[in-house]
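Colleague: I'd like to learn how to read the sheets and helices in a model. Could you walk me through one?

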Number of protein chains: 2
Amino acid sequence: MAPTSTTLNTSTSEASVSPYSIDHLISDRSKNRSFKHFAANADENAPKNFKPHPKPLALSFGRPNAQFFPVKKISVELDHYPFQDSIFEFETETAEQAEPVIIEKFPTDKNELGAGEAFQYGDVAGLPNFQKFLREFVETIHKPGNDQWGISASNGSGEGLNKVADAIINPGDIVLFEEFTFSPFGNNVRNVGGIPVPVKLNFKSTEDADIDIKYLSDLLDNWDEIYPEYSGRKPKAFYTIPTCQNPTGLTQSVETRQAVYDLASKHDFIIIEDDPYGYLTLPKFEKPNKSTLVKDHSLTVDEYLAHHLPKSYLQFDKEGRVIRVETFSKVFAPGLRLGFIVAHKKIIEVIKKYSSIVTRSPSGAAQLILLNIIQKKFGGINGWLEWILRMRLAYAHRRNVLIDSISSSEAYSKGYINVISADAGMFASLLVNFPSSIPSTEYVEKLNLLNYKFLEKGVTVVLGYKMSINQAFSEPNANFLRLSYAPLDTDEQLAEAGKRLGEAVEEFFENGFEF
Amino acid sequence: MAPTSTTLNTSTSEASVSPYSIDHLISDRSKNRSFKHFAANADENAPKNFKPHPKPLALSFGRPNAQFFPVKKISVELDHYPFQDSIFEFETETAEQAEPVIIEKFPTDKNELGAGEAFQYGDVAGLPNFQKFLREFVETIHKPGNDQWGISASNGSGEGLNKVADAIINPGDIVLFEEFTFSPFGNNVRNVGGIPVPVKLNFKSTEDADIDIKYLSDLLDNWDEIYPEYSGRKPKAFYTIPTCQNPTGLTQSVETRQAVYDLASKHDFIIIEDDPYGYLTLPKFEKPNKSTLVKDHSLTVDEYLAHHLPKSYLQFDKEGRVIRVETFSKVFAPGLRLGFIVAHKKIIEVIKKYSSIVTRSPSGAAQLILLNIIQKKFGGINGWLEWILRMRLAYAHRRNVLIDSISSSEAYSKGYINVISADAGMFASLLVNFPSSIPSTEYVEKLNLLNYKFLEKGVTVVLGYKMSINQAFSEPNANFLRLSYAPLDTDEQLAEAGKRLGEAVEEFFENGFEF
């Protein structure tokens with residue numbers, strides 16, 4: 001049921017804000033958890049004449065003094081560009097850029113995060129300076145449409161998504177997924193008793209690739225008829241990767257985002273926005289040319305924010321029903337295990353309780369290194385985005401090398417494959433154009449055979465169907481490949497991988513779709 | 001039921017090993033999870049003439065090349081002693097000790113962990129070099145009594161214990177706890193449907209403080225009569241902190257450990273050994289004297305291992321029923337969020353599956369810093385233990401300062417309080433000697449009042465009862481305090497805290513046990 005005005009939360013002081021009450025969308029499991037530290041001192045029953053000492057000395061917590069941590073000072077040297085010596089060989093590093101970041105144990109500036117603090121037990125939602133940075137970052141880049149939002153650090157997107165699953169899903173709850181998706185989140189949903197249900201995507205034509213809004217709208221309007229087995233249990237949430245969707249590469253239009261949000265309002269569900277690659281929107285494909293890369297494609301941060309960075313669902317969110325999950329894995333390094341979640345503060349509250357009991361805080365070592373680099377080396381949010389723009393150029397170049405190689409292949413000339421999407425993030429998606437003699441019911445079998453051809457030629461790819469959330473539902477659309485231009489070391493390897501891929505497809509097609 | 005020989009696992013090649021089959025002690029939840037990455041390539045159905053390429057190029061995983069990580073080199077300066085400038089002001093640091101550790105992005109020595117590897121996605125059980133170190137460490141220090149053990153890194157003890165709860169507890173399973181304990185683990189047990197049940201401790205006399213083995217043995221022999229509500233459901237596990245038990249400070253004797261292990265064998269339960277402070281066994285209390293601290297109390301690593309480090313339950317474990325949970329929080333720094341679990345490899349297997357889905361790997365930044373310091377600065381396991389011995393001296397000194405202050409108080413002289421235990425770890429426990437006019441049913445109320453006296457005087461402590469796993473069960477024994485000499489900054493503060501504590505107790509006792 002859509003909420004009526006009588007279910008709106010009217011407990012806030014300003015009636016005009018009237019934030020949507022999301023209590024009914026929070027899982028019972030997470031609402032019922034309680035956490036209180038045994039060393040915490042309550043004073044609700046204090047004797048009448050009790051006056052607490054202004055500076056109590058702590059013999060309570062088992063928290064080692066920072067002098068027990070052997071680290072005194074950390075110094076970090078950085079590359080100014082990723083692939084400084086190969087892709088950006090035409091750019092020289094200045095002396096200032098080569099200066100290391102110095103991280104003190106006890107910095108005098110309170111806005112700096114020191115090793116003494118980072119190596120201590122810390123807030124499960126992130127160390128205070130890190131939380132402050134995250135909050136300013138979200139305010140600047142994706143300011144939520146309501147003022148009820150909160151923030152919590154996570155141990156990266158995967159772990160952040162698990163926290164979200166715990167926070168909202170009761171056993172038996174339905175969660176909508178884009179039919180091809182980052183399928184591991186399905187494990188987290190099932191782990192708490194949720195049921196993933198696919199939503200159709202249009203992704204095979206570069207021009208109008210997007211969520212199939214008509215399908216989604218009809219599905220929600222006619223839920224009980226379409227899914228009689230889930231009758232009376234309309235979806236609790238929709239999990240979406242709106243920019244550079246993994247694996248199809250599609251990026252939702254602004255209109256689609258508004259339409260999806262309106263459906264969420266109407267049908268009362270949560271939008272879980274997973275956005276690991278969203279910062280890496282790329283210029284259009286062209287022949288690779290390192291020597292003019294920076295000159296031709298550099299953006300200012302203002303241009304980037306105004307014209308190249310898609311809006312977050314947070315920005316449409318008048319009711320506090322959007323949960324955004326972000327990570328530093330793709331824009332800094334996955335090994336940090338550091339990300340964050342933005343959501344209605346009631347959801348952040350239950351997530352913090354979960355963290356206190358189950359996962360504890362993200363590593364202070366990771367927060368220490370990342371925050372000091374951003375603040376002391378990059379100079380804050382603007383410089384951080386400039387780093388992301390330098391990464392963007394490196395990804396654009398590598399994408400150009402791979403797609404150039406593939407489009408020079410016979411398989412491509414003959415129309416056996418075509419590129420559907422390669423304009424954002426780290427993935428290109430490639431359609432495998434089976435002729436009509438191959439029925440769609442044989443796509444999976446044929447793709448598995450083609451995969452052996454890839455492995456024989458020496459290139460690994462992801463077969464589209466392996467990222468379906470419901471294979472039977474998506475088999476007719478499964479004739480595509482996800483190619484990542486992120487892992488390989490050199491341009492030469494990327495070009496060679498494209499060549500091997502083309503040869504494998506050509507041999508497979510010309511051998512009657514047999515190995 | 002105790003296992004019979006027919007339930008023994010006979011699938012191993014050496015019949016003489018006959019490791020105990022622990023399958024029935026693993027939770028259904030964790031056994032039934034499956035995890036497979038969508039980018040993994042199976043070849044069980046490969047075409048007959050398929051030959052994989054020896055060097056495939058990867059377009060599959062969304063794993064950014066290490067050149068995308070801006071960190072080029074990290075240098076870490078260390079203190080040789082904790083509290084180098086205060087407690088160890090009589091010791092001078094050598095030039096060699098002051099040399100920083102240099103961490104390269106791509107070290108040429110394969111035994112070193114580089115930033116390029118640590119900042120990448122890594123094994124959920126820990127990066128290979130870190131796992132190798134952990135395995136050698138366990139082999140050297142606490143070699144398990146069976147060869148079926150495995151190891152997995154964790155995000156610290158709290159998170160490690162949660163993994164253990166998930167791995168073994170089915171809804172309705174009973175877990176025994178020492179009656180006073182690190183009570184937050186109760187939350188993890190309840191979170192997966194387990195039921196904590198307390199076991200009596202003798203801890204009020206320094207001489208024979210230990211687990212009450214007779215109580216435990218009787219409890220297990222007469223389970224159905226003592227707990228008719230749990231009839232037929234004998235305990236699945238016993239959670240114990242065998243060394244410097246938190247909060248009582250007791251350390252189990254070797255005989256107790258053997259007896260508990262024998263009971264575990266007989267009654268078929270798992271021993272969960274939590275050992276965060278076990279390395280910090282301390283010399284006996286004496287008047288604090290910084291100038292002779294190193295000379296009087298230094299141990300060689302060999303002496304320490306032979307005479308001062310208690311045995312782990314792992315060493316008694318012929319059957320693979322011990323799970324040991326360790327952390328680097330207390331011997332390096334809590335903010336790392338890094339620890340490890342040693343257990344039967346089948347338990348490690350289900351823990352790894354849980355990690356793959358739920359928590360992902362511990363931070364590579366933490367592993368990078370810790371492992372490089374241990375290997376390149378401390379020179380490996382021996383040097384690591386030497387660091388721990390230097391920490392031990394610092395803890396011993398701080399304990400001396402606190403206990404010296406408390407034992408100089410009027411409250412102590414008058415017998416209102418006495419020290420039960422202060423010989424290991426970071427906690428001292430203090431008995432509050434209420435007269436017989438205060439019945440034990442009033443202990444909690446009186447301790448709460450006394451606590452307001454502490455807060456008024458300006459010292460925080462942990463009231464024993466707050467760490468009981470079942471308050472009603474433990475109230476008669478709850479007249480004690482846990483004091484931590486870990487957090488405060490200076491000797492002066494520790495002495496002042498002890499003084500305030502003494503004054504608070506004195507005033508409370510002499511005001512007729514009223515505020």
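Colleague: In what order do the strands of the open sheet in chain A run?

Modeller: Keep in mind that this is a predicted model. As a general idea, strands of a sheet pair through backbone hydrogen bonds, either parallel or antiparallel. Here seven strands of chain A form an open sheet, and the order is β4-β12-β11-β10-β9-β5-β6, with mixed pairing. β4 (149-154) and β6 (195-199) of chain A stand at the edges with a single partner strand each, so one side of each has no neighbour in the sheet. From one strand to the next, the twist averages 20°.

Colleague: And in which sense do β5 and β6 of chain A pair, parallel or antiparallel?

Modeller: Strand β5(A), residues 174-178, pairs with β6(A) in the parallel sense, over five bridges. One to look up: V175(A) has P196(A) in β6(A) as its bridge partner.

Colleague: Which strands does helix α4 of chain A touch?

Modeller: α4(A), residues 128-141, packs on the sheet and touches β4, β11 (322-327) and β12 (339-344) of chain A. The direction of α4(A) makes about 125° with that of β4(A).

Colleague: Now helix on helix: at what angle do α14 and α18 of chain A cross?

Modeller: Two packed helices are described by the angle between their axes and the distance between the axes. For α14(A) (residues 381-407) and α18(A) (residues 491-510), the axes come within 7 Å and cross at roughly 30°. The crossing is right-handed.

Colleague: Which residues make the contact?

Modeller: Among them are V401(A) and L402(A) of α14(A), and L494(A) and A495(A) of α18(A). By class, the contact of α14(A) with α18(A) has six nonpolar, three polar and three charged residues.

Definitions and conventions: Residues numbered from 1 in each chain as written. Chains lettered and ligands numbered in written order. Predicted model: local features only at pLDDT ≥ 70, side-chain atom pairs only at ≥ 80, totals over all residues. Heavy atoms only, no water. Pairing = 2+ DSSP bridges. Helix = DSSP H or I, 4+ residues; strand = E, 2+ residues; numbered from the N terminus. Axes fitted to C-alpha atoms, helices over the stretch in contact; angles between N-to-C directions. Contact = heavy atoms within 4.5 Å. Left-handed = near helix turned anticlockwise from the far one by under 90°. Nonpolar A, V, L, I, M, F, W, Y, C, P; charged D, E, K, R; others polar.
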